[in-house]
Amino acid sequence: MHDMVPDVTARPPAQAEGRLVRLSAARPGDRGVILEVRAEAHPSPARSRAGAPLASRSARKGGGTDHGVDVHELQRRLLEFGFVEGARIEVLHEGAIRRDPIAIRLDEMRVALRRRDAEDVWVLLDK
Amino acid sequence: MTGASAMAPARIALVGNPNSGKTALFNALTGSRQKVANYAGVTVERKEGQVVSASGRAISVLDLPGTYSLRARSPDEVVTRDAVLGKLAGEQAPDVLVCVADATNLRLVLRLILELKAVGRPMVLALNMYDIAQRQGLRIDLAGLAREIGCPIVTTVATRKRGIDDLVGQVERLVAAGAVGAESAWREPAAGEIRDAHREAQRILKAHVKPPERPDTFTGKVDAVLLHPAAGLVILLGLLFVMFQAVFSWGKVVGDLIGDGFTAAAGLIAAQLPHGLITSFLTDGVISGVGSVIVFLPQILILFFFIILLEDFGYMARAAFLMDRIMGGAGLHGRAFIPLLSSFACAIPGIMATRVIDNKRDRLTTILVAPLMTCSARIPVYTLIISAFIPSRMLWGFVNQQGLVMFGLYAAGIASALAVSFVTRRVFWRGAVEPFLMELPAYKIPDAENVARNVLLRGKIFLTRAGTIIFPLMIAVWLLSNFPGAPAGATGPAINYSVAGRIGHFIQPAFAPIGFNWQMIVALIPGFAAREVAVAALGTVYAVGSGDTSPALLGHTLAQHWSVATGLAFLAWYVFAPQCASTLGVVKRETNSWLWPGVMFAYMLAMAYVAALITYQIAIALGAG
């Protein structure tokens, strides 16, 4: 079962507690508080490990992100949806293919989003 | 406010987050006094209704598309923003805004309210689903909240019609008080301002709303099953299976009854009137034209019944979640799932349903591939050809060979839709798809009246929209197939001498490599009006008892005239061919350009030809010629 876990999200849970992670790398059961919502263009380490298609796609755009909108627009959409600093987050479910998308509880709401759109949301996991 | 202006109906607009029960409130307010149209120049649905207050004041209610922000991103949200700002062409600004909120989920709507306050229009906040909030033990300090946001609050339960009179009363009071909009101070907020607004919303929430004592645990428990990576997909497939069973078994039975009714009516008229052009126009043109639209009504109604039921329950967002990665692999948005699903009944409602997709390219891709999903109009053709050319044999003891071919045709449609979308996104629009951010609403038991009302509404829209396009087309096709008439002493069926017949003869050489004879081409021309018409047209061309569309007899005739290779090529052709003028018409209207119907026609024609060519040549090589 464990070797089915793709590189994208592989992370021993024990080490992660109390750590700052991208929401894109969180796993079901992870809970914490949003510390920061950034607007950065970056091929994340997670993404460059994710295999050729994704890596080449981000390279094509000069290392930029691949959200279909620019990072500032993505940031505003995330903020409007309630991904704001201080909001409580708990990852509830993940999809069957490459564990994507993820369903999370965001304060009192339930929200679904793709991991690649969640890279700029930084979560401080509970200890 | 005196005189004439006091007599004019007050105008209110409903605005709020998706899933706030806004449409249910609209239905509770207006009942059956509502009208659906399009906004001028755009394809966003415009729903307006009337309500009369206790004191006799007429109020017109506009139901605006749901949104999380006035910062519009989709055509729907542009309409909401412009209507709220009073800038929408051809629309009067609303006198009062009614902000509809899900009382159990106030955080996001509070931020929207702060944006709406900046617009400066008089506003009432309707706290909807208040019964659920009470059941959860959620305590809202209504007076404090109203003071804080500076507008009156009404609690409503739209599905039980509770609080409706209160709401109307509040609106009336605001209008009577002569409250007028201040100058709008709204502008697109920057990231920092959105954060500030959230902080403000958070503060208000903390001061006036106590978290629920008995929060909803039902949704979490159901999600544990429905969103499970394996079980969730199995359940989704099971639901789809039940849906299609219902559409194709119940819907088809009723549809066939209606079809028989129209055939009988045509027969009755043919018996009463003398043989001639007028009779032919009435029976073959008008009655079968109207009939060809109406036979699909039961299937459309059943499909929309399921879609609306699942939507109201809160499942559709889960379906999009489960399908997003699978669709995403082909470059489609998770939300394209619902439009593509609708396209199994008919591509027209499917293409109309693509409005839920924000991004233009995501939406265009979905529109372009929607007609590849096997719509119900292909079924009569598939059934006829399969029963004529595929022996009804059991394979491995339990699989019917005819059923297997039918399944294969469906699978070919789905596979080709995914392939075309994949190629489009990789070759033509090499951008990523839009961010996928979607609320997963709490599960709710659907309200029977609301479901019924919305299903009937979809049926009405289908009839008027499809009817207004298909009907004139049927007349045009009838003209092509009947003029000029057969010369005196002609032996073959009259259609051979008509314009359609001549076209068929003229272009037949181009179709020789795929094994089509000229009779088939002639039948395909009327079949362009609507796919299933080709069946009747084949009957006409082969002169199988005029007016009688007995499939068994026609199938027998076809089996005598066509080789197996030709029959298979015809099936392959039908999987892809753009044999539906109405679809192209709808695409023209949805995209507001002839470019996209043109692209659609060209690529589908090319795929149909290539598929039929490959099928025919392989079948010939295998000795089925």
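Biologist: Which residue in E6(A) is the bridge partner of A:Ile34?

Modeller: This is a predicted model, in which local features need pLDDT of at least 70 and side-chain atom pairs count only at pLDDT 80 or more, whereas totals for chains, interfaces and linings use all residues. Residues are numbered from 1 along each chain as its sequence is written, while chains are lettered from A and ligands numbered from 1 in the order in which they are written. Strands (E, at least two residues) and helices (H or I, at least four) are DSSP runs numbered from the N terminus, and two strands pair if DSSP finds at least two bridges between them. Five bridges join the antiparallel strands E2 (residues 31–37) and E6 (residues 121–125) of chain A, and in E6(A) the partner of A:Ile34 is A:Val123.

Biologist: Which strands stand at the edges of the open sheet?

Modeller: The seven strands, paired antiparallel, follow the order E1(A)-E6(A)-E2(A)-E3(A)-E4(A)-E5(A)-E12(B). Each edge strand has a single partner, so one side of each is left without a neighbour in the sheet, and these two are E1 (20–22) of chain A and E12 (437–439) of chain B.

Biologist: Which residue in E12(B) does A:Ala112 stand opposite?

Modeller: E5(A) is joined to E4(A) by five bridges, and these two strands form a hairpin with two residues between them. Three bridges then join E5(A) to E12(B), again antiparallel. Across that pairing, A:Ala112 stands opposite B:Met438.

Biologist: At about what angle does helix H13 of chain B run to E12(B)?

Modeller: Helix H13 (residues 315–329) of chain B lies across E4 (102–106) and E5 (109–113) of chain A together with E12 of chain B. Axes are lines fitted to C-alpha atoms, for helices over the stretch in contact (C-beta atoms, placed from the backbone, within 7 Å), and angles run from 0 to 180 degrees between N-to-C directions. The angle between H13 and E12(B) is about 150°.

Biologist: Is B:Asp358 buried or exposed?

Modeller: B:Asp358 is in the loop between helix H15 (347–352) and helix H16 (360–369) of chain B, and beyond its neighbours within four places in sequence it is in contact with B:Arg73, B:Ser74 and B:Glu434. A residue is buried if 20 or more other C-beta atoms, placed from the backbone, lie within 10 Å of its own, exposed if 12 or fewer, and partly exposed in between. Because B:Asp358 has 21 C-beta neighbours inside 10 Å, it counts as buried.

Methods: Two residues are in contact if their C-beta atoms, placed from the backbone, lie within 7 Å.
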